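Please look over the sequence and the model below before reading on.

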Amino acid sequence: MTLYAGMGASSGMAGADLLGTMLARHPRSVTRALAEWEQQLRPSIGYLQGNGMQMRSLFVPATCLDLARRKVMVRMSRMPVASPLLRRWRTKGKAARMKDMDFSHPDFAHQPR
């Protein structure tokens, strides 16, 4: 995780919880428990890492274009017409569905729609 994703501590706790679950399921095979733990966790962590890299340009603009994009988004978020569009963009798609997914408890997970 990077600071830009903002999910490092949460992912660490969820990963530890999931590891405990997998070790309890496979008390005689640490290898199998680790393999299932990674298989369950990797897609979510991969998504969060990629999202963190994308968000980096908003927090630490590296180019004039990144800085201009951030300024436009901040201005648009204050406009009555654009604000609902940005809100919809933030609450639709994979990013919003990831919030609903509980990857630390595979038996009780609410998978993304």
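Is glutamine 49 buried, partly exposed or exposed? To answer this for the predicted model shown here, one needs the relative accessible area, where a residue under 20% counts as buried and one over 50% as exposed. Glutamine 49 has a relative accessible area of 39%, and it is therefore partly exposed. This residue belongs to helix α2, and although glycine 8 lies 41 residues away from glutamine 49 along the chain, the C-alpha atoms of the two are separated by 9.5 Å.

With that residue placed, the whole chain can be described. It contains 5 helices and 0 strands, so that its pattern, read along the sequence, is α-α-α-α-α. Of the 113 residues in the chain, 21% are buried. When contacts between residues at least 6 apart in sequence are considered, 48% of them join residues that are at least 24 apart.

Helix α1 covers residues 8-25, which gives it 18 residues, and the distance from its first C-alpha to its last is 25 Å, close to the 26 Å expected at 1.5 Å a residue. Its buried residues are Ser11, Ala14, Gly15, Leu18 and Met22. Seen down the axis of α1, these buried residues fall within an arc of 105 degrees, and so they line one face of the helix. What the buried residues of α1 pack against is α2, which spans residues 30-59, while the face of α1 turned away from the buried side carries the exposed residues Ala9, Met13 and Ala24.

Helix α2 also packs with helix α3, which consists of residues 64-77; the angle between the two is about 85 degrees, and their axes are 8 Å apart. Because angles of 65 to 115 degrees count as roughly perpendicular, α2 is described as roughly perpendicular to α3. On the α2 side of this contact are Ser57, Leu58 and Phe59, which meet Asp66, Arg69, Arg70 and Met73 of α3.

Apart from its neighbours within four places in sequence, leucine 58 is in contact with Arg70 and Met73. As for arginine 69, it stands 11 residues from leucine 58 in sequence, and the two are 7.9 Å apart in space, taken from C-alpha to C-alpha.

Notes:
Residues are numbered from 1 along each chain as its sequence is written. This is a predicted model: local features need pLDDT of at least 70, side-chain atom pairs count only at pLDDT 80 or more; totals for chains, interfaces and linings use all residues. Side-chain values use heavy atoms; hydrogens and water are left out. Helices (H or I, at least four residues) and strands (E, at least two) are DSSP runs, numbered from the N terminus. The expected span of a helix is 1.5 Å times one less than its number of residues. Buried means under 20% relative accessible area, exposed over 50%, partly exposed in between (1.4 Å probe, protein chains only). The arc is that of the directions from the helix axis to the C-beta atoms. Contact means heavy atoms within 4.5 Å. Axes are lines fitted to C-alpha atoms, for helices over the stretch in contact, and angles run from 0 to 180 degrees between N-to-C directions. Angles under 35 degrees count as roughly parallel, over 145 as roughly antiparallel, 65 to 115 as roughly perpendicular and the rest as oblique.
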